[in-house]
Amino acid sequence: MPQSLDGLKTIVYVGKSMYPLLRDLDTLYYIPFAGQPPKAGDVIVFKSTAGQGTNTTHRVIAVKPGGFITKGDNNYSHDDGIVIPGDIIGLVA
């Protein structure tokens, strides 16, 4: 469960898709999403479409009308679908 730290929140990253930037069980600090759209290159935490109650942390690689294309740095291809603003939890600080 995320905890507050001077306006930032923390979350534990699990996985290998953002290696070498992020490693399994790294603690991430993120800025809660407040409507300011991310830009290409930003790393965001968003609600995953792959499973209920899970989050994904990936890099925004393109901004499209209505949303964002994301990709894990260690993945070969971009994520399926578009991340809509309503699914963004925060921007990794």
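## Second largest pocket

In this predicted model, the lining of the second largest pocket has six polar, four nonpolar and four charged residues. The volume of the second largest pocket is about 160 Å³. Of its 14 lining residues, Phe 46, Thr 49, Asp 79, Asp 80 and Val 83 are the closest to the centre.

Two strands, β4 (43-47) and β5, each supply at least two residues of this lining.

## Largest pocket

The largest pocket has a volume of about 190 Å³. Its lining has five nonpolar and five polar residues, and no charged residues.

Strands β2 (8-12) and β5 (55-64) each supply at least two lining residues. The largest share, four residues, comes from β5.

## Fold and dimensions

The protein chain has seven strands and zero helices. From the N terminus on, the elements run β-β-β-β-β-β-β. The radius of gyration is 12 Å, close to the 12 Å that the globule rule gives for 93 residues, so the protein chain is as compact as a globular protein of that length. Along the principal axes, the C-alpha atoms fill a box of roughly 35 × 30 × 25 Å.

## Burial, contacts and surface

Of the 93 residues, 32% count as buried. Among contacts between residues at least 6 apart in sequence, 42% join residues at least 24 apart. The accessible surface of the protein chain comes to about 6000 Å². Carbon and sulfur atoms account for 56% of that surface.

Terms used:
Residues numbered from 1 in each chain as written. Predicted model: local features only at pLDDT ≥ 70, side-chain atom pairs only at ≥ 80, totals over all residues. Heavy atoms only, no water. 1 Å grid on protein atoms, 1.4 Å probe; cavity = no way out; pocket = protein on both sides within 12 Å on 5 of 7 lines; lining within 4 Å. Points joined across faces, edges and corners; volume = space filled by probe spheres on them. Nonpolar A, V, L, I, M, F, W, Y, C, P; charged D, E, K, R; others polar. Rg over C-alpha atoms; globule rule 2.2 N^0.38 Å. Buried < 20%, exposed > 50% of the residue type's maximum accessible area, 1.4 Å probe, protein only. Contact = heavy atoms within 4.5 Å. Areas by Shrake-Rupley, 256 points an atom, 1.4 Å probe, with all protein chains shown as cover.
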